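Here is a short tour of how this chain is put together, written for reading alongside the model.

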Amino acid sequence: MLWIKAFHVISLVCWFAALFYLPRLFVYHASSTDQASIERFKIMERKLYRGIMTPAAVATIVFGVWLVTYNPSYYMGAAWFHAKITLVIILLGYHHACGRLLKKFAADQNTRGHVFYRWFNEFPVIILIAIVILVIVKPF
């Protein structure tokens with residue numbers, strides 16, 4: 001079980017690194033005016049989303065489900081766990097929203113400025129703080 005937990009945490013760290021970095025790329029992309037930079041950001045965003053972010057999300061979910069199988073009655077009866085799962089589902093929605101924004105940037109159809117993406121970039125920080133508190137402190 002400890003190996004599975006370690007791989008769950010490793011994949012979670014990779015997923016969050018990408019969740020923090022992709023919206024930051026959106027900030028810079030939205031501020032770019034020269035075509036070379038715009039094309040470079042499109043490549044970076046696509047590779048990050050497809051090559052790191054999505055595989056890390058899948059691995060996080062797989063290892064997380066695997067951990068639950070070790071003691072399902074405990075996890076299903078824990079209120080903190082239900083709150084954590086709710087936040088993970090919201091995070092998956094954020095992940096999907098990043099994918100939609102990536103497609104808009106790729107098609108040169110972005111209509112939002114860099115300030116929007118600066119705020120958008122803060123959302124996973126709040127989710128991460130809440131999840132860590134739920135898992136470590138188990139407040140309820």
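H1 and H2 are roughly antiparallel to each other, because their packing angle of about 155° lies over the 145° cut-off. This is a predicted model, and the points below go from this helix pair to the rest of the chain.

**H1 against H2**
- Helix H1 covers residues 2-31, and its axis lies 8 Å from that of H2.
- The crossing in which H1 passes H2 is left-handed.
- Sorted by class, the residues in the contact of H1 with H2 are 25 nonpolar, five polar and three charged.

**H2 on its own**
- Helix H2 takes in residues 35-68, which makes 34 residues.
- At 1.5 Å a residue, H2 should span 50 Å, so the 48 Å between its end C-alpha atoms agrees with that expectation.
- If you follow H2 along its length, look for a kink of about 35°, which is centred on Tyr-49.

**H2 against H4**
- Helix H4 (residues 79-106) crosses H2 at roughly 160°, and the two axes come within 11 Å.
- That angle is over 145°, so H2 and H4 are also roughly antiparallel to each other.
- H2 passes H4 in a left-handed crossing.
- On the H2 side, the contact residues include Lys-42, Glu-45, Arg-46, Met-53 and Ile-61.
- Tyr-49 is another of the H2 residues that meet H4, and the kink in H2 is centred on this residue.
- On the H4 side, the contact residues include Phe-81, His-95, His-96, Cys-98, Gly-99 and Phe-105.
- By class, the contact of H2 with H4 has 12 nonpolar, four polar and three charged residues.

**H4 and what follows**
- H4 is 28 residues long and reaches 41 Å from its first C-alpha to its last, close to the 40 Å expected at 1.5 Å a residue.
- Just after H4 comes Asp-108, which has a positive phi of about 55°.

**H1 against H6**
- H1 also packs with helix H6 (residues 123-137), at an angle of about 155° and with the axes 9 Å apart.
- H1 and H6 are therefore roughly antiparallel to each other.
- From H1, the contact uses Phe-16, Leu-19 and Phe-20, while H6 brings Pro-124, Val-125 and Leu-128.
- This contact of H1 with H6 has six nonpolar residues, no polar ones and no charged ones.

**The whole chain**
- The secondary structure of the protein chain comes to six helices and zero strands.
- Read from the N terminus, the elements run α-α-α-α-α-α.
- The C-alpha trace spans about 55 × 25 × 20 Å along its principal axes.

Methods: Residues are numbered from 1 along each chain as its sequence is written. This is a predicted model: local features need pLDDT of at least 70, side-chain atom pairs count only at pLDDT 80 or more; totals for chains, interfaces and linings use all residues. Side-chain values use heavy atoms; hydrogens and water are left out. Helices (H or I, at least four residues) and strands (E, at least two) are DSSP runs, numbered from the N terminus. The expected span of a helix is 1.5 Å times one less than its number of residues. The bend at a residue is the angle between axes fitted to the seven residues ending there and the seven starting there. Axes are lines fitted to C-alpha atoms, for helices over the stretch in contact, and angles run from 0 to 180 degrees between N-to-C directions. Angles under 35 degrees count as roughly parallel, over 145 as roughly antiparallel, 65 to 115 as roughly perpendicular and the rest as oblique. A crossing is left-handed if the near helix is turned anticlockwise from the far one by less than a right angle, and right-handed if clockwise. Ala, Val, Leu, Ile, Met, Phe, Trp, Tyr, Cys and Pro count as nonpolar, Asp, Glu, Lys and Arg as charged, and the others, Gly among them, as polar. Contact means heavy atoms within 4.5 Å.
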